[in-house]
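Please read them with the structure open.

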Amino acid sequence: MGNRGVAVRRLAGSLAGLFFALAVLGQTGGFGAASVAYAEEKKESVSENDAEEIKYVERNSDRVITDDDRFDADEDMLYYMQSLEVKYHLDEKVMESLHKVFDSAVYYIANTEMSLTEMWAYVNNVKSSMESAATTKLSQTTSEFLQVGDNWQTPVVSYGQGVSIVLPIVNFGTEELNDLIVEPVISTLVTEWPFEPDTTNYLQTEPFIPGCQTKEAAMANRREFTFHFKTRSDVMTGYYPLKFHISYTKAGVRSEEPAELTVYVKTIGKPGSGMIGGNGQEASGSKPRIVVTGFETNPAKVFAGETFTLTIHVKNTSKDTTVTNVLFDMQAAQEGEDKTNTYSAFLPTSGSSSVYMEQIAPDTSADIEIEMTAKADLAQKPYVLDVNMKYDASTVFDLTDKASVSIPIMQESRFDTSIPEVVPDNIEVGSQSNVMFSIYNTGKTTLYNVQVKFIADSIAEASAFVGNLQSGNTGNVDVMLTGAAATMDDGTVKLEISYEDDAGNVTTAEKEITLFVNEPMMDDMMMGDDMMMGDDMMMDGEGGGKSKTGIIVGSVSGVVVLAGVGLGVFLKLRKKKKAAAAEAAELAALEKELNE
């Protein structure tokens, strides 16, 4: 056989020992079931044929694979998996993942008919999967070998000063790292980064850092990266964490996630700048407040359906801190009878309920204005408007406050009346006339203490008290006016209708009726009667043409006629009163139906 035969036998002996070791590991739980079975089988096979020469493994052919071919493929994959463990120093967890890949491949080959070429192509794919699993774990765990050197000293810097940060990076691993990229993690927030972000690229590179067997050698082969920064003028006092990301290549594999190293710098800020701990959070300093000190509306009285300008007075109560980036958001109370029919009481005319203010100095007041429209169907009452405030203060961000103002909304009070009926519309002094009409509350507010006064020189003072009228209700007026003096003008009598709102303010409206008052005709009638009586007596005395009986009969007839006229007037008045009451009831029902 020559040298080739000797080499083959040596390889066979080595494989026998390897498979025996794999079988032992399988019994202790280190491998999958398929791997253990295969190792046992291979151990026996190699032991029995230890003295025989192992044949050359054929890999390219269109023939269908045999069990011997499957055996060769399984043997090749197992050996490759073991070489990965030695090469990358893989831990037990990674090996478990590789054995899952191996077991799956053994099962597939054992139960699949394929050509010899197809089988070995599949084996190569399995090897590639094993390599990826091993190197992926490698790229995730390498960062623990990168550390900051022991020669690091925390720098101290004051606000506005420049500083050089020298970052020593040490590779404590045994494998070389290549193509390193080092970059600080920068922020624009003073609570996270103490330096002015005056450049967009702080990136630095390094070709390689060799792997070393001892700490002393690793320190000797460290790489130092220098960064130049300028400290912010508003920097806080305390320790800031400085984070750096390092990307690298190890064993030909690029790290998927960069390693992160953290160092600290001590800063000294201006007086009143606040303190910061190593965790980047503010440790002291009072929180400023913005309060609402009052408000005004233009016009002063806001009616439902009208547009008005709201001016809110605010104040920064802090004695030494300016608040910046102040955002005011006005939210009106939700109105509506149910959850499906709600709306804001006030709507901004611009479409936005927010007002921005750049800053408010310490202990200073400011005004914010917004134009809004009150919904037309609002009831007459005060409505709450919430003022939500969000702002920054020095080194503190996104502070919030909330205040509320109550804006009274008025409803325009309205009423109407029926046509007054005056019966009779022509009376004598001392006589009376009946005036009747109805008052309808056509607005959305209650009319309180409604009353009517009748004013004219020709009548005695008279008034009627109606009381409170709810929205949509009707009140009736029925008054007897007494003639006091003869009418000297066009007979106009003024009706002064007054009522109060819920604040006690009195509103007065006027209407007019026509009523004529005449002087009494009693003297002329009496004189005429006396003359007639004298003539009758004379005629009676002289010729006896008329007697007293005639006078009595005439008088009785006159009384009967007058009584009939009076009854007719009474019946007519009663009929009109009933008609007016019916009309008022009908109008009230119609008004209520419309409101609903």
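**Notes on the predicted model**

1. F227 and F244 are both buried. Please keep in mind throughout that this is a predicted model. The two rings make a tilted aromatic pair, with 5.3 Å between centres and 40° between planes. F227 belongs to strand β6 (residues 223-230) and F244 to strand β7 (residues 237-250), so the pair ties together parts 17 residues apart in sequence.

2. Which residues make up the aromatic cluster around this pair? W193, F195, Y202, F227, F229 and F244 form one cluster. Across the whole structure, the search finds 10 aromatic pairs.

3. A further pair is F346 with Y383. Its geometry is edge-to-face, at 6.3 Å centre to centre and 75° between the planes. F346 sits in strand β17 (residues 346-348) and Y383 in strand β20 (residues 381-393), so this pair ties together parts 37 residues apart in sequence. Both partners are below the 20% cut-off for buried. F346 has a relative accessible area of 2%. For Y383 the value is 3%.

4. Next, the nonpolar cores. The largest has 34 residues. Those with the most contacts inside this core are I290, F328, M330, F346, I360, L385 and I409. Elements that give two or more residues are β13 (307-316), β14 (323-332), β18 (354-360), β19 (364-374), β20 and β21 (396-410). Strand β20 gives the largest share, six residues.

5. M330 deserves a look on its own. Beyond residues up to four places away in sequence, M330 touches I312, S353, V355, I368, I370, L385, D386 and V387. A second, separate core has 30 residues, and V163, F225, F227 and L242 are among them.

6. Is E206 buried or exposed? E206 counts as buried, because its relative accessibility is 19% and the cut-off is 20%. This residue lies in strand β5 (residues 204-209). Setting aside neighbours within four places in sequence, E206 contacts D179, L180, R223 and F225.

7. Helix α3 covers residues 67-88, which is 22 residues. From first C-alpha to last, α3 reaches 32 Å, close to the 32 Å expected at 1.5 Å a residue. Just after α3, H89 has a positive phi of about 55°.

8. Now the charged pairs. Side chains of opposite charge can pair when their charged atoms come close. The count for this model is 14 salt bridges. One of them joins R70 and D67, with the closest N and O atoms 3.2 Å apart. Both residues lie in helix α3, three residues apart, about one turn of the helix. R70 is buried at 13% relative accessibility, whereas D67 is exposed at 59%.

9. D363 is partly exposed, with a relative accessible area of 38%. K319 counts as exposed at 65%.

10. D398 and K390 meet through their side chains in a salt bridge of 4.0 Å, N to O. The cut-off is 4 Å. K390 is partly exposed at 40% relative accessibility. Salt bridges that share partners also join E58, R63 and D69 into one network.

11. Last, a loop position. A300 is found between β11 (290-298) and β12 (302-303). Why does A300 count as exposed? Its relative accessibility is 70%, and exposed means over 50%.

Key
Residues are numbered from 1 along each chain as its sequence is written. This is a predicted model: local features need pLDDT of at least 70, side-chain atom pairs count only at pLDDT 80 or more; totals for chains, interfaces and linings use all residues. Side-chain values use heavy atoms; hydrogens and water are left out. Helices (H or I, at least four residues) and strands (E, at least two) are DSSP runs, numbered from the N terminus. Buried means under 20% relative accessible area, exposed over 50%, partly exposed in between (1.4 Å probe, protein chains only). The expected span of a helix is 1.5 Å times one less than its number of residues. Rings of Phe, Tyr and Trp (its six-membered ring) pair if their centres lie within 6.5 Å; planes under 30 degrees apart count as stacked, over 60 as edge-to-face and the rest as tilted. Contact means heavy atoms within 4.5 Å. A nonpolar core is a set of buried Ala, Val, Leu, Ile, Met, Phe, Trp, Tyr and Cys residues joined through side-chain atoms within 4.5 Å.
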